[in-house]
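Subject: Structure handover

Hello,

Here is the structure for your files. My notes follow below it.

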Amino acid sequence: MQKRTLGNSGLEVSAIGLGCMGLSHGYGPPVPRQDGIALIRAAVERGVTFFDTAEVYGPFTNEDLVGEALEPVRNDVVIATKFGFSFGEDAKQYVPDSRPEHIKQVADASLKRLRTDRIDLFYQHRVDPNVPIEDVAGAVKDLIAAGKVKHFGLSEAGASIIRRAHAVQPVTALQSEYSMWWREPEQEILPTLEELGIGFVPFSPLGKGFLTGAINETTTFAANDFRNTVPRFSEENRKANQVLVDVLGQIASAKGVTSAQIALAWLLAQKPWIAPIPGTTKLHRLEENIGAADLELANADLAQIEAALSKIDVHGERYSASFQKLVSR
């Protein structure tokens, strides 16, 4: 597995990481615990060193799963987790909460669940409109000084927030959605990160599964799969967006690889400091995703892809109106 460094931070990770959320949260029923542990350890065996989780995934159960899975190899991997929410009594309702005292409480709780003495990369999960980002960065700076956290990250933050945070505590990485069917970060975010020397960790690099070609207008999702609430995944929009999958499939077929591998290799080709974190619950998909790290797209390939993508309009918003409030910048 190739390695990449996230910006100027010196934090080295595998070119392809593993987003662990789907093992416990978001995409239907959680996988059996031992199956999740086995998948994470299989990723380690195949060269993955970058693992992403968050307290909200479950809540809490995903961090616990990741902690058990990686405990035997803790010094060989990079673990990223996130803070930024408070939970209701049933742990199903959550609201932004990045008060400094809360951040420090979350860090201590996450350390226990992750069975470790330090968090390699600690992201603010979503910008909290009620807490100045300078206070957030200051709290993480304190945690870094205490040795509990190694690097500070942001998620779904806009350029001005990134700059303000970076002035207080250098930001190692931004994690936001980025893929062939969500290219908004190219407008302002990527230039800002390049200027400041910050790495980029795209989540949903396969369009929440859509870019793999395994989803079409007739696909049904489990009742607790959050894609049921995503406008882009309505039956009508899936049908309209099929043209993107068809084009991707044609390009992949011509090169003898899969659509997912083209989508991931395209992301890797954008900048040398980008490290996507596709998630999966299946070993064969894990191996497929890892294979993208060895797929080099020539300039002619990238030009062909760009020409094809420029003719396609993606239909549907990426989040429901209620969830979109959490990603306002």
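What volume does the largest cavity have? About 30 Å³. The structure holds one cavity of 30 Å³ or more. A cavity here is a set of points on a 1 Å grid over the protein atoms alone, where a 1.4 Å probe fits but cannot get out; lining residues have an atom within 4 Å of a point. Grid points are joined across faces, edges and corners, and the volume is the space filled by probe spheres set on them.

Some ground rules. This is a predicted model: local features need pLDDT of at least 70 and side-chain atom pairs pLDDT 80 or more, while totals for chains, interfaces and linings use all residues. Residues are numbered from 1 along each chain as its sequence is written, and side-chain values use heavy atoms, leaving out hydrogens and water.

**Cavity lining**

Met180, Leu244, Val247, Leu248, Ile251, Ile305, Ala308 and Leu309 line the largest cavity. Two elements give two or more residues each: α7 (235-255) and α10 (299-309). Helices (H or I, at least four residues) and strands (E, at least two) are DSSP runs, numbered from the N terminus. The largest share, four residues, comes from α7. The lining has eight nonpolar residues, no polar and no charged ones. Nonpolar covers Ala, Val, Leu, Ile, Met, Phe, Trp, Tyr, Cys and Pro; charged covers Asp, Glu, Lys and Arg; the others, Gly among them, are polar.

**Helix α1**

Helix α1 spans residues 33-45. In α1, Gly36, Ile37, Leu39, Ile40, Ala42 and Ala43 are buried (under 20% relative accessible area, 1.4 Å probe, protein chains only). Their cover includes β3 (18-19), β4 (50-52), α2 (61-70) and α9 (283-291). Gly47 follows α1, with a positive phi near 100°.

**Aromatic pairs**

Rings of Phe, Tyr and Trp (its six-membered ring) pair if their centres lie within 6.5 Å; planes under 30 degrees apart are stacked, over 60 edge-to-face, the rest tilted. The count comes to eleven aromatic pairs. Phe83 and Phe122 are tilted, because their ring centres lie 4.8 Å apart with planes at 55°. Phe83 sits in β5 (residues 78-83) and Phe122 in β8 (residues 119-124), 39 residues apart. Phe83 is buried at 1% relative accessibility, Phe122 at 0%.

Trp181 and Phe233 have centres 5.7 Å apart and planes at 90°, so this pair is edge-to-face. Trp181 is buried at 5%, Phe233 at 4%. Ring pairs also link Phe60, Phe85, Phe87 and Tyr94 into a cluster.

Best wishes

Note on methods
1 Å grid on protein atoms, 1.4 Å probe; cavity = no way out; pocket = protein on both sides within 12 Å on 5 of 7 lines; lining within 4 Å. Expected span 1.5 Å × (residues − 1). Buried < 20%, exposed > 50% of the residue type's maximum accessible area, 1.4 Å probe, protein only. Contact = heavy atoms within 4.5 Å.
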